Amino acid sequence: MCGIVGHLGTFNSLSVVLDGLEALEYRGYDSAGVSLIDRDGKIITAKKEGRLTNLRKEVSNLKEIYFAGIGHTRWATHGNVNKVNSHPHFGDGFSVVHNGIIENASELKEELIKEGYQFLSDTDSEVFVRLVEKISKTEKEFSKVIFTAFSRIRGNNCLVALNRDERKIYAIKNNAPLACGQSDDGTNYFVSSDPYALQKYIDTIYFPENNVLCVLSMDQEIAFVEPDLSDSNKFKTEKNSLLSSENTKGDFEHYMLKEIWEQPNLIDQFKIHLENEANQKFLTTVPKRIAIVACGTAYYAGLFAKNVIESRCRIPVSVDMASEFRYANPVLDKNDLAVFISQSGETADTLAALHLCKEMGVKALSILNVAHSTIYRESDFNLMINAGPEIGVASTKAFTMQCLTSVYLSERLMTLMGESVDLVKFNKQSSRLAKKIEEILSRTDEIKKIAESIHSLNGFFFTGRNKSFPIALEGALKLKEIAYVHAEGYASGELKHGPIAMIDEGVVNIAYIENNLFEKTLSNIQEIKTRKGIILTIGKTDTEELKNISDYRFPLDVDDLDDLSPLALNVFGQLLSYYIAKHKGTDIDKPRNLAKSVTVE
Ligand code: F6R
C-alpha cells in the first residue's frame, strides 16, 4: 500500500528518497511527500497530491545536499486525497511517515483533542504524531517515546520518524513490512517498507520483528532495540542476491504488457528452479485436507489449484478469501494443511489468516513470489513461483506461475502418497504451455482487432466451466481493474440462474471453450445469443455450430495441455483486457484506486 523510504548518510537524501519512492510508487500513488533535514538543522517538508512526478517538480528548487530524509507515497485510507492528508506529518522537531491503519485512531484522537491537541489532517497517522508530542512532554528519551506511543495504537502498522535534534531515524512495525540496512563502508543507512527500494544500495538486508525499534544514526551500526531499551537480536538477515534487479520496462509501453510477454520464458525456466524447490523443507505426511487461503487474483489461482489437487491427489481442498476466512471460525485440525498464495507475501488479510492457522496448530505452506516477504518468513514451508518482480498493478505472470506452482505442489503431494511422479512429464507439459502462450502472443493483432470492436460495449461476461471457471473470474477482474468497465466472471451454467437478465445487444459473452462439456457449453452460449448478446468464443472445437454462433472467434487448440489448458486461454484474457484498456486510455500500470501490495485489512 503506502511506500516508505528513509535515508541517512553521505548521499543526497532527497535523491535517495525520491528514487526509492519511485521504485515503490506502483504500490500506492495518491500523493507523495518528503521531510529532510537542511544545513541549518531545520526539517523541511514538501508534499504534493498525485503522482511522484508532481512532488519531483515541487522539490526541484531544493539544490542542497541533504544528509537525512524520509519519504512516503500514499494509498489513502483515512481522509481524502489532498496535500494536508499526505505524509509526512510533523510535530515539534520530528516528522513521521506511516503505513497501515491505526484501528483505535478515533478514540485516541478524541482523548488528545480533549487534552487540547489540535489536528491538521483527517488521517489516523497524525494520531501517532500527537501522541509522540504528548509523551515527549514527560519523557526525554526518544526511543521510549516511540515505544510508548506505539504501544497505545492498535492494528498492523509501520511508522518511521525523523528526529531533527538527534539526526536519527527511528522505525518500528507490527505485522507490516519493514526492512533496513547500511552500505558496506558504513557511510549510508536506509530504511523502507520494501527492500526493493534499497536493493541498489545495500548487500545485507535486515528485517526486524514486530515491536523492535530500529535506530539509524550516522557512523554507527543500525541499532535494534527492545522495549526495555536493551539490544535486540530479533531480526532476520537476508543477502541482497535474493532480490532481482529486473525492474525496467524495456521496449514495452507498459510493465503489464512486458509481464504478459515474459510468461513463456518464465514457464520454461521454472524447471531450472525445481531442483532448488525439491531441496527445500517440505511436508513429511500427507495432509487429510487442504485449506487454500488468498485474495483477489491469488484466490483465483487457489480455485485453479483446488481442481488440480483434488483431481490428481483426491485430497479434499477448500478455497477461501483471506478476508472472509479469518472471521469464519474455520474448521481445521492438526492433520490439515493451510496453503497461502500471495505474490507480494505482504497481503494483510492473508497474513492474518496465516497467523490464525498457526495459532490453531495447522501447518502453513505458502506459494510466493517474494522470498524475503513477511509471509515467507512466517510459513512452515514455502514454494516459490519464481516470476521475478511484478510491477504492473494488475497481476498477470504471477497468476500463471502461482497456478503452475500449484501443479508442482500436487506432484509433491503425490510423491508423499507413494506415487511415482514423473517430473519429466511435468516439464514437457510446461514446455507445451510455454509454446502455446508464444503462439497466442504472436497472434496479438487478432486480439487487438477484437478489442477494438468490443471495447465500447456496456458489459463483459466471461464464462468458463470446471477448470476454466477460475480464468473466467480472473478475466473479468483484469478487465475491471485496468479498463474500469462492468465485467463479471461466471461458470457457464450459472448465467441462466439470474445474470442472464442483464444480457442484451450491448453485452458480450467472452466464452472459454474446452472440448470437455463442449455441447453443454454450446447450449449456454446459445441461451445468450437468443437474448441478443454478442458472442466471443476462445478455444478449439471449430464445429459449424460454433462458427455460426460466434460474432468473434479466437480458435486455439489447448487439448494437449491437460490441466494447464486454462493458463493458455487466460493469456488471451490478459491481452484482451490490456488492449481494451488501451482504447479506454486508462493508466494501465497504475489503475485508479488500486495498490500493488494490500497491507491494510
Ligand atoms: C489483481 C491483483 C490482486 C492481488 C491481491 C493479492 O490483479 O493483483 O487481486 O492478487 O491483492 O495480492 P498478493 O498476491 O500480493 O497477496
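In which loop is Thr 77 found? Thr 77 lies in the loop between strand S4 (68-74) and strand S5 (89-91); helices (H or I, at least four residues) and strands (E, at least two) are DSSP runs, numbered from the N terminus. The structure is a predicted model, in which local features need pLDDT of at least 70 and side-chain atom pairs count only at pLDDT 80 or more, while totals for chains, interfaces and linings use all residues. Residues are numbered from 1 along each chain as its sequence is written, and side-chain values use heavy atoms, with hydrogens and water left out.

Thr 77 counts as partly exposed because its relative accessibility is 35%; buried means under 20% relative accessible area, exposed over 50%, and partly exposed in between (1.4 Å probe, protein chains only). The side chains of Thr 77 and His 78 are joined by a polar contact of 3.2 Å. Such a contact is a pair of N or O atoms within 3.5 Å; within protein, one must be able to donate a hydrogen and the other to accept it, and residues adjacent in sequence count only if both atoms are side-chain atoms. When neighbours within four places in sequence are left aside, Thr 77 is in contact (heavy atoms within 4.5 Å) with Gly 100, Ile 101, Asp 124 and Val 600. Thr 123 is 46 residues from Thr 77 in sequence, and their C-alpha atoms are 7.9 Å apart.

Strand S18 (residues 363-368) is largely enclosed by the rest of the structure, because five of its six residues are buried. S18 pairs with strand S17 (residues 337-342) in the parallel sense over six bridges; two strands pair if DSSP finds at least two bridges between them. Ser 342 has Leu 368 of S18 as its bridge partner. S18 also runs parallel to strand S19 (residues 381-384), to which four bridges join it, and the bridge partner of Leu 368 in S19 is Met 384.

The largest nonpolar core has 90 residues, of which Phe 460 and Leu 576 touch the most other members. A nonpolar core is a set of buried Ala, Val, Leu, Ile, Met, Phe, Trp, Tyr and Cys residues joined through side-chain atoms within 4.5 Å. Helix H18 (residues 565-584) gives the most to this core, with eleven residues. Domain 2 (248-436) and domain 3 (443-587) both contribute residues, so this core lies between them; the domain bounds come from an automatic or database domain assignment.
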